[in-house]
Amino acid sequence: MTLTDRLRAVFVDALELPEGVDVENLKYRDIEQWDSLGHMTLVAAIEDEFGVQLDTDQVIDLSSFKVAQDMLRGLGVDE
Amino acid sequence: MTLFTLGQADREARLLPELVELTEHHRAASPEYARLLAALGHPPGRRYARVADLPWLPVRLFKHHVLKSIPDDEVFTVLTSSGTTGEVSRIYLDKAAASVQQRMLSATMQTVIGGRRLPMLLVDTRALFTKRRSFSARGAGVLGMMNFGRDHTFVLDEQDRPDPEAVRSFLARHGDQPFLIFGFTFMTWLYLYELAREHRLDLSNGILIHSGGWKKLADRAVDNDEFRRRFAQETGLRHIHNFYGMVEQIGLTFLEGPDGGGLYCPDFSDVIVRDPATWREVPVGTPGVVQVISTLPRSYPGHLLLTEDRGVVHGVDDGAWPGKRFSILGRLPRAEARGCSDTFAAAA
């Protein structure tokens, strides 16, 4: 699976997204599932899936699917 | 990186022009604030020699007035305080303000916990979050701190009972390296301290961040010094930082220094303690009413606020960090707190 596919699956799973959500254009607080509590679950799930550790600033900066994608690329996760 | 670098003279010189600019910004953006300034005798263009001369608002005004400096369609979030009387403050943030407050809180906390997210023990119950759409103010406070941690572990179970097994297992995983502990002051004492003492738990690698005041511990004769002394003696925990902040100046956290000895102001902020009869600044060592000062609020006129807390400045440029070193002594009596804002309510 590509990075994008894996990340999409993590988002759907961690945030319990209903079908039909445009995951790749999702931004923090666009939907009720991605609130500050959902954010904690999402960060933990991303760390588990990709074997990375995000620091505090990265957790705060992680405000959209696209930012998460770029962040993981920056951390050397394979496409 | 640290946000506790400015001595008092440099701080005053840096804050004054920024606060004057903010005052004019809010005057132009908020008609209600402009009316308040006019009523207080602060017309546009007035010159100020000191931060202490700038016009301040009692924090209570945010409970009765819509004070905001952004148009309705730019309101990103409205924060509310927990009011003991049912009244709540309403604080309006746009996207930029929400982002700035999160960043400054983070930068402040990183002074004492670093940039890495540490394993985190929360002296609270997971039940805080079972009703997802209706967090209490306490829940919101806990959530805000969770960004700084990982492997979040709760000290209390779903029925609010201390869970020694959860804590023991957390310490087995993480106790040999730095870890973070967060809790409200009274809960930290009632649940974590007692639990650690009873089960002889070693918290010596912990960094405790706590807030909320001492009122609920007064009958146990536990004050800040006793809290620090007994945690160190019984559990080995020595990295302890009390903090003070309020929703009306979101993003600003006054943080206790590494050796105790009082709270310090981040570089973008300050405190002034005033005499409640004359409103003049009192000398070091004299208790009074605490005014809090922050250059962060742009979306609402909360840069210069008189709190309803009593406090005392212990010293200036004489502690572990530069600037003023102070303590909060408790809430003002209610009547006195009301009195503080009556003049303003009449003017508005």
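How many residues of chain B are in contact with chain A?

Analyst: Quick ground rules: this is a predicted model, where local features need pLDDT of at least 70, side-chain atom pairs count only at pLDDT 80 or more, and totals for chains, interfaces and linings use all residues. Residues are numbered from 1 along each chain as its sequence is written, while chains are lettered from A and ligands numbered from 1 in the order in which they are written.

Now the interface. On chain B, 13 residues are in contact with eight residues of chain A, a contact being two residues whose C-beta atoms, placed from the backbone, lie within 7 Å. Two elements, α4 (95-113) and α5 (137-146) of chain B, each give two or more residues to that side, and α4(B) has the largest share with four residues. Helices here are DSSP runs of H or I, at least four residues, and strands are runs of E, at least two, numbered from the N terminus. By class, the chain B side splits into four nonpolar, five polar and four charged residues; Ala, Val, Leu, Ile, Met, Phe, Trp, Tyr, Cys and Pro count as nonpolar, Asp, Glu, Lys and Arg as charged, and the others, Gly among them, as polar.

What about the partner? Chain A has four helices and zero strands, in the order α-α-α-α. Its C-alpha atoms fill a box of roughly 30 × 30 × 20 Å along the principal axes. As for contacts within chain A, 52% of those with a separation of 6 or more join residues 24 or more positions apart.
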